[in-house]
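Have a look at the model first.

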Amino acid sequence: MNVKQYMAELGQQARVASRAIAKADTNVKNQALLAMAEAIDVARADLVAANAKDLEQGSKNGLDDAMLDRLELKQSQIDTMIEGLRQVASLPDPIGAITDMNYLPSGIQVGKMRVPLGVIGIIYESRPNVTVEAASLCLKSGNATILRGGSEAIHSNAAVAECIKVGLQAVGLPENAVQVVKTTDREAVGELITMPEYVDVIVPRGGKGLIERVSRDAKVTVIKHLDGICHVYIDDDADKTKAINVAINAKTHRYGTCNTMETLLIHEARAAEILPELAERYQSIGVELRGCERTCALLPSAIAATEEDWQTEYLAPILSIKLVGDMDEAIAHINQYGSHHTDSIITENYTKSRSFLREVDSSSVMVNASTRFADGFEYGLGAEIGISTDKIHARGPVGLDGLTSQKYVVLGDGHIRQ
């Protein structure tokens with residue numbers, strides 16, 4: 001069987017399974033999720049062993065540190081996977097919920113019912129935990145899913161897929177509700193994104209090149225974000241301790257994630273007070289600083305930033321820094337160079353914080369908080385299937401509601417239109 005035939009078979013099986021999942025009882029879906037969590041807990045050693053194979057092969061293949069960091073499956077991440085499954089099981093089931101029901105002058109009632117999207121194709125690199133997050137959210141929201149992980153995580157994803165299968169089997173749901181693509185042939189991606197007869201939505205999670213390719217070539221709807229150029233702006237009314245703590249966490253908590261701060265903006269009135277202390281802490285842990293002309297005047301060890309730096313998602317211990325005259329200049333910089341992902345202001349001024357929330361055009365906008373909170377798990381969604389910076393349907397971390405649509409429902413009692 002060639003790749004085209006193989007992917008078509010997966011699509012056909014997913015379409016059939018989607019009909020069973022769409023009408024599955026909430027309790028059955030929840031029990032499947034809990035069974036998956038238990039299976040993962042039991043299979044910890046197998047998961048770590050499979051992941052070790054991928055890490056070893058990745059090192060041989062020359063994967064960079066950021067990619068290896070995303071690929072590694074630690075015990076703490078397995079804990080998070082288990083907790084995410086349990087949290088999704090505890091969330092309200094959106095399917096079938098009817099809202100905005102109103103009587104109209106004609107006598108009919110009109111409202112909206114939340115329904116599944118159908119079959120969701122997910123393409124992702126590294127991170128084996130995405131397999132669990134995607135499966136859990138798609139299942140709870142009544143969707144079947146086809147998961148195409150990166151070749152670098154083939155062993156890890158296969159091991160996770162076995163745990164998912166155990167959960168589905170435990171409650172009698174079709175195994176084909178969650179299918180992990182077994183081939184590493186890149187042609188599989190091209191087939192997956194051009195099967196509108198089987199796939200309703202594509203969610204790419206990975207590097208900018210992957211997402212650009214999927215967005216360009218897909219024949220089905222795509223939920224996406226291209227990159228994560230996130231900012232923290234330290235205002236002249238900022239609390240110094242909060243500013244330093246947030247700026248350090250936003251950059252150094254993890255380097256290889258899309259919600260990591262890449263550019264720090266500081267009000268010029270506070271730069272001499274805050275920047276040297278911040279720079280000392282950054283440089284003590286190996287963060288390279290690239291700054292505007294005024295930043296370099298304050299920090300002789302900083303490298304002069306170029307225009308390209310303001311547009312770069314480093315995914316590495318590198319930070320660009322710019323001094324600004326006021327909040328309006330900071331907002332203008334964010335809206336020009338940012339990727340509409342996540343941006344934060346540090347200030348004690350309520351009026352400024354409200355203006356920042358309104359005027360920054362990003363999917364997550366924060367006040368006095370680290371950009372690292374832009375995550376489905378941290379937002380109480382249980383998990384996320386990705387981050388959307390699009391402006392229609394879903395925006396920000398995509399959880400259960402983002403994997404559903406709505407249809408109008410009309411209730412009458414023999415009503416006819418006059």
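Asn259 counts as buried because its relative accessibility is 4%, where buried means under 20% relative accessible area (1.4 Å probe, protein chains only). Bear in mind that this is a predicted model, with local features needing pLDDT of at least 70, side-chain atom pairs counting only at pLDDT 80 or more, and totals for chains, interfaces and linings using all residues. Residues are numbered from 1 along each chain as its sequence is written, and side-chain values use heavy atoms, leaving out hydrogens and water.

**Around Asn259**
- You'll find Asn259 in the loop between helix H10 (240-252) and strand S9 (261-267); helices (H or I, at least four residues) and strands (E, at least two) are DSSP runs, numbered from the N terminus.
- Setting aside neighbours within four places in sequence, Asn259 is in contact (heavy atoms within 4.5 Å) with Cys230, His341, Thr371, Arg372, Ala374 and Asp375.

**Largest pocket**
- A pocket here is an open set of points on a 1 Å grid over the protein atoms alone, where a 1.4 Å probe fits, with protein on both sides within 12 Å along at least five of seven lines; lining residues have an atom within 4 Å of a point.
- The largest pocket holds about 1200 Å³ of space, a volume being the space filled by probe spheres set on grid points joined across faces, edges and corners.
- Its lining has 50 residues, and the closest to the centre are Arg127, Arg254, Thr257, Arg372 and Asp375.
- Helix H5 gives the most to this lining, with 6 residues.

Definitions and conventions
Buried means under 20% relative accessible area, exposed over 50%, partly exposed in between (1.4 Å probe, protein chains only).
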